[in-house]
Amino acid sequence: MKNLALAAIAATLFAAGCRTVPMTERSQLMLSTESSEKELGATAYNDYKRETQPTTNAEQQALLQRVGNAIKDASDEKTFEWEFNVLESDTVNAFCLPGGKVAVYTGMMKYFSNEAELACVVAHEVGHAIARHGGERTSWSYLQALGTLGVSTLGNDTLQTIYGIGAEYGVMLPYSRLHENEADLIGLYLMAKAGYDPQAAVDFWKKFNTGNSSKLDEILSTHPCDATRVANLSQHLPEAQELYQQSKAKKGLGTSIVNGIPAK
Ligand SMILES: [Zn+2]
């Protein structure tokens, strides 16, 4: 009975709360509002910046600004208040919070050998944000909670409580395989549109798929990767190459990066 009620609620909510993901056209369940996600993103970003200071290395910050701005322009996302910061920490990770708040840790910067590889990771993170994967995950946990509690009506208080919990803790949880593939795909298109050779994305992930993955444990813990990742990227490479060919400012692999800073 509970399952039937839940199915009915799910159907109603799906009809009311459905969204199409930009660039992939997938229909997703969306019960959270973009404005609340952005507010959460901005607050969390300020907390991260307080805990982990932005690096004072001007070259590194300028490099991320340059790459970030190219990805931002390619995204056509006009409602985000974009921010790009390299944060001083050995953590090997990067993220983009809702609303376009991007961070790459200095520990991650060391693993890029050129601008296009940095673009690949930034574009992947931006992909999660413009696809609103956090909001989608919150929407599903809300449905799940409804099922667990056996709630059959949508009380505003219940919604607020459950949504609050999901929203608070959902920001840095591991993404699902579906979300990873989608962020990879959006990221691949974005870097190509921005003028970076998309082949760099395939090569970058291949490097860490051959027994070296322990180096990237941290980024892989929030962005699960398996052998299908490289296959998935390779499969969509021809479309990305087309976007790259059409891009006005082709940069190829961009400048080389050594120890996290542009090579002279
Ligand atoms: Zn990811």
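Colleague: What should I know before I start?

Modeller: The model is predicted, so local features need pLDDT of at least 70 and side-chain atom pairs count only at pLDDT 80 or more, while totals for chains, interfaces and linings use all residues. Residues are numbered from 1 along each chain as its sequence is written.

Colleague: In what order do the three strands of the open sheet lie?

Modeller: Terms come first. Strands (E, at least two residues) and helices (H or I, at least four) are DSSP runs, numbered from the N terminus. Two strands pair if DSSP finds at least two bridges between them. Here the order is S3-S5-S4, and the pairing is mixed. S3 and S4 are the edge strands, each pairing on one side only. From one strand to the next, the twist averages 15 degrees.

Colleague: How many bridges join S3 to S5?

Modeller: Five, and strand S3 (residues 83-87) runs parallel to S5. Phe 84 has Val 102 in S5 as its bridge partner. Leu 87 is partnered by Tyr 105 in S5.

Colleague: In what sense do S4 and S5 pair?

Modeller: Antiparallel, over four bridges; S4 covers residues 94-97. Ala 103 in S5 is the bridge partner of Phe 95. The hairpin of S4 and S5 has three residues between the strands, and Gly 99 there takes a positive phi near 95 degrees.

Colleague: Which residues of S5 lie on each side?

Modeller: The general idea is that side chains in a regular strand alternate between the two faces of the sheet. In S5, Lys 101, Ala 103 and Tyr 105 are on one side, with Val 102 and Val 104 on the other. Both faces are covered, and these residues are all buried. A residue is buried if 20 or more other C-beta atoms lie within 10 Å of its own, exposed if 12 or fewer, and partly exposed in between, with C-beta atoms placed from the backbone. In S4, Ala 94 and Cys 96 point one way, Phe 95 and Leu 97 the other way, and all are buried.

Colleague: Now a helix. Which residues of H2 are buried?

Modeller: An α-helix has 3.6 residues a turn, so residues three or four places apart point the same way. In H2, the buried residues are Glu 37, Leu 40, Gly 41 and Tyr 45. They cover an arc of only 135 degrees around the axis, which puts them on the same side of H2. That arc is taken from the directions from the helix axis to the C-beta atoms. Ser 35, Asn 46, Asp 47 and Arg 50 are exposed on the other side of H2.

Colleague: How do I describe two packed helices?

Modeller: Use the angle between their axes and the distance between the axes. For H5 (residues 115-130) and H8 (residues 177-193), the axes come within 7 Å and cross at roughly 125 degrees. That makes H5 oblique to H8. Angles under 35 degrees count as roughly parallel, over 145 as roughly antiparallel, 65 to 115 as roughly perpendicular and the rest as oblique. Axes are lines fitted to C-alpha atoms, for helices over the stretch in contact, and angles run from 0 to 180 degrees between N-to-C directions.
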